Amino acid sequence: NSISEEKGKKYKEGKIQQRIIGLKNVTEHAGATTLTVILGRHLQKAYKIKTIELDSHDFVFFNDKSLESISSNDFSGYVTKNNDAEVILVDLNNNPENMCTDVLYLVEPGLIKLNKLIKKNNKIFDELKGKKIILNKSVLDKKDITEFERESGSKIFDNIPPLDDKLDYIEAINDFLISLGFSRFDDGTKSGLFNIF
């Protein structure tokens, strides 16, 4: 088992309280940076979180001092230092995911992007079998997704539409986080994610 599989198993068994969720673009510019930030905005209302990017400085454009850019060489030390964080969201860029308890693999299902991906690596969907594949910035409907799964031989974990990154609350993200297992309300009295209903 990889380190991430082992950590994921221990997390499910309740032996690890912290979740380290990595986001990785599979197609070029599939939106990992923006989605990492949006997920962080939603989770910070109910969880103690850290949102970081590795070996990049794109977070500076969000004008949010809570977002951190660190070197991948410092990642292990950062996790140790922030062991009180319940969730660490990581824009992995091109880094390995072996420190993560979960990894989300983002695919933007546009024709040009998919053709570029397949030309670069025609075994990519075989390599992603059993992993959490997210269609991001996607306008596909359920029928299209079924066809995508049939043609690619893969199972799609979730389908996220184009998002307005200026909004503090996005229902599609709320639903996505619930599917990832987040279910805490701010006041801890209900079983949903946020106390807004």
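**Exercise 1. Lys-113 and its partner**

Task: Decide whether Lys-113 is buried, partly exposed or exposed in this predicted model, and find the residue with which Lys-113 forms a salt bridge.

Solution: 
- Step 1. Start with the accessibility of Lys-113: the relative accessible area is 24%. Buried means under 20% and exposed means over 50%, so Lys-113 is partly exposed.
- Step 2. Now look for the partner. Lys-113 forms a salt bridge with Glu-108, and the closest N and O atoms are 3.0 Å apart.
- Step 3. Glu-108 has a relative accessible area of 17%, so Glu-108 is buried.
- Step 4. Keep the general idea in mind: side chains of opposite charge can pair when their charged atoms come close.

**Exercise 2. More salt bridges**

Task: How many salt bridges does the structure hold, and which parts of the chain does the pair Glu-28 and Lys-116 link?

Solution: 
- Step 1. Begin with the total: the structure holds 12 salt bridges.
- Step 2. Pick out one pair. The side chains of Glu-28 and Lys-116 meet in a salt bridge with an N to O distance of 3.9 Å.
- Step 3. Glu-28 sits in the loop between β1 (19-25) and α2 (32-43), while Lys-116 belongs to helix α4 (residues 111-120). They are 88 residues apart, and the pair links distant parts of the chain.
- Step 4. Compare with the cut-offs. Glu-28 is partly exposed at 46% relative accessible area, and Lys-116 is partly exposed at 49%.
- Step 5. Finish with a network: salt bridges that share partners join Arg-19, Asp-102 and Lys-132.

**Exercise 3. The buried face of α7**

Task: Which residues of helix α7 are buried, and why do they line one face of the helix?

Solution: 
- Step 1. List the buried residues. In α7 (residues 171-179) they are Ile-173, Asn-174, Phe-176 and Leu-177.
- Step 2. Look down the axis of α7. The buried residues fall within an arc of 165°, so they line one face of the helix.
- Step 3. Ask what lies over these residues. The cover includes α2, β5 (102-107), β6 (132-135) and β7 (156-159).
- Step 4. Follow the chain onward. Just after α7, Gly-181 takes a positive phi of about 100°.

**Exercise 4. How α2 meets α7**

Task: Is α2 roughly parallel or roughly perpendicular to α7, and which residues meet?

Solution: 
- Step 1. Take the angle. The axes of α2 and α7 come within 10 Å and cross at roughly 80°.
- Step 2. Angles of 65 to 115 degrees count as roughly perpendicular, so α2 is roughly perpendicular to α7.
- Step 3. Name the residues. From α2 come Leu-35, Ile-38, Leu-39, His-42 and Leu-43, and they meet Ile-173, Asn-174, Phe-176 and Leu-177 of α7.
- Step 4. Sort them by class: the contact has 7 nonpolar, 2 polar and no charged residues.

**Exercise 5. Residues in loops**

Task: Where do Asn-63, Lys-137 and Asn-73 lie?

Solution: 
- Step 1. Asn-63 lies in the loop between β2 (49-54) and β3 (67-70). Its phi is near 50°, a positive value in a residue other than glycine. Asn-63 is exposed, at 72% relative accessibility.
- Step 2. Lys-137 lies in the loop between β6 and α6 (142-152). Its phi, near 55°, is positive, and Lys-137 is a residue other than glycine. At 36% relative accessibility, Lys-137 is partly exposed.
- Step 3. Asn-73 is found in the loop between β3 and α3 (75-81), and is exposed at 70% relative accessibility. Asn-73 and Leu-54 are 19 residues apart in sequence and 9.0 Å apart in space, C-alpha to C-alpha.

**Exercise 6. The whole chain**

Task: How many helices and strands are in the chain, and what pattern do they follow?

Solution: 
- Step 1. Count the elements: there are 7 helices and 7 strands.
- Step 2. Read along the sequence to get the pattern α-β-α-β-β-α-β-β-α-α-β-α-β-α.
- Step 3. Turn to burial: of the chain's 197 residues, 44% count as buried.
- Step 4. End with contacts. Among those with a separation of 6 or more, 64% come from residues 24 or more positions apart.

Notes:
Residues are numbered from 1 along each chain as its sequence is written. Side-chain values use heavy atoms; hydrogens and water are left out. A salt bridge is a side-chain nitrogen of Lys or Arg within 4 Å of a carboxyl oxygen of Asp or Glu. Helices (H or I, at least four residues) and strands (E, at least two) are DSSP runs, numbered from the N terminus. Buried means under 20% relative accessible area, exposed over 50%, partly exposed in between (1.4 Å probe, protein chains only). The arc is that of the directions from the helix axis to the C-beta atoms. Contact means heavy atoms within 4.5 Å. Axes are lines fitted to C-alpha atoms, for helices over the stretch in contact, and angles run from 0 to 180 degrees between N-to-C directions. Angles under 35 degrees count as roughly parallel, over 145 as roughly antiparallel, 65 to 115 as roughly perpendicular and the rest as oblique. Ala, Val, Leu, Ile, Met, Phe, Trp, Tyr, Cys and Pro count as nonpolar, Asp, Glu, Lys and Arg as charged, and the others, Gly among them, as polar.
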